[in-house]
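Trainee: I have a new model open. Could you show me how to read it?

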Amino acid sequence: MAKDEQAPEFRAELKKHVVLVGLMGAGKSAIGRRVATAIDARFLDADTEIERAAGMKIPDIFETRGEAEFRDGERRVIARLLEKAPLVLATGGGAFIDDETRALLAEKATTIWMRADLDVLVRRCGRRSSRPLLKNGNPREILARLMESRYPIYAEADVEVFSRDEPHEVSVNAIIKHLKDRGDLIL
Ligand code: S3P
């Protein structure tokens with residue numbers, strides 16, 4: 001293409017927040033970060049922002065302040081992040097289970113449920129032992145119980161993407177296609 005024929009520079013435009021929800025090990029952060037890069041959007045991880053606000057790591061928040069206080073902080077931090085311009089946000093597994101956060105997300109975001117099989121979750125969580133909910137017992141049993149109680153709630157998300165042991169691009173492309181089809185992303 002000759003220089004004066006060059007196409008004008010297009011920038012992707014995100015109309016709404018894109019928020020990834022789902023159980024620990026579903027790949028919310030890894031996939032969310034890649035989606036953001038692919039569409040030139042900002043990415044934030046709610047757990048990292050909670051740690052930044054509290055000045056301590058999540059296991060330490062659970063240990064010194066307890067889960068209820070962690071959940072209060074999580075609710076406040078997510079509400080604050082949703083005040084920003086549209087971004088891609090990965091949330092901790094319990095965030096969408098909170099009624100207030102779920103209502104706020106229904107209003108302000110397109111929610112993506114990263115769904116995965118138990119075997120995949122157990123394998124991925126096994127690699128990291130930093131998750132307080134998995135410390136007191138058998139991780140497979142705990143994750144199975146959480147699947148039972150939480151999957152009906154995650155099912156309220158706007159979009160469901162199945163997270164298998166496949167290259168990240170498969171989930172990333174599926175999410176981008178959903179966003180385009182919904183009119184949330186203009187490319
Ligand atoms: C939690 C999931 C964790 C973290 C905290 C509680 C949960 O985030 O927020 O340990 O309740 O499922 P990830 O889903 O990113 O591991």
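**Reading the fold and the ligand site**

Mentor: Helix α8, residues 168-182, lies across β2 (17-21), β5 and β6. The helix runs at about 160° to β6. Keep in mind that this is a predicted model.

Trainee: In what order do the strands of the sheet come?

Mentor: First, the general idea. Strands of a sheet pair through backbone hydrogen bonds, either parallel or antiparallel. Here, 5 strands make an open sheet, and the order is β3-β4-β2-β5-β6. The pairing is parallel.

Trainee: Which are the edge strands?

Mentor: They are β3 (43-45) and β6 (159-162). Each pairs on one side only. On average, neighbouring strands of this sheet are turned by 25° against each other, direction ignored.

Trainee: How many bridges join β5 to β6?

Mentor: There are 4, and β5 covers residues 109-115. Look at M114: its bridge partner in β6 is V161.

Trainee: What lies 2.5 Å from an oxygen atom of the ligand?

Mentor: A polar side-chain atom of K28 does. A polar contact here means a pair of N or O atoms within 3.5 Å. In the side chain of D47, an N or O atom is 2.8 Å from a ligand oxygen. G94 uses its backbone: a polar atom there is 3.4 Å from an oxygen atom of the ligand.

Trainee: How much of the ligand's accessible area does the protein cover?

Mentor: On its own, the ligand has 380 Å² of accessible area, and the protein covers 94% of that.

Notes: Residues are numbered from 1 along each chain as its sequence is written. This is a predicted model: local features need pLDDT of at least 70, side-chain atom pairs count only at pLDDT 80 or more; totals for chains, interfaces and linings use all residues. Side-chain values use heavy atoms; hydrogens and water are left out. A polar contact is a pair of N or O atoms within 3.5 Å; within protein, one must be able to donate a hydrogen and the other to accept it, and residues adjacent in sequence count only if both atoms are side-chain atoms. Accessible areas come from the Shrake-Rupley method with a 1.4 Å probe; for residues, only the protein chains shown count as cover. Two strands pair if DSSP finds at least two bridges between them. Helices (H or I, at least four residues) and strands (E, at least two) are DSSP runs, numbered from the N terminus. Axes are lines fitted to C-alpha atoms, for helices over the stretch in contact, and angles run from 0 to 180 degrees between N-to-C directions. Contact means heavy atoms within 4.5 Å.
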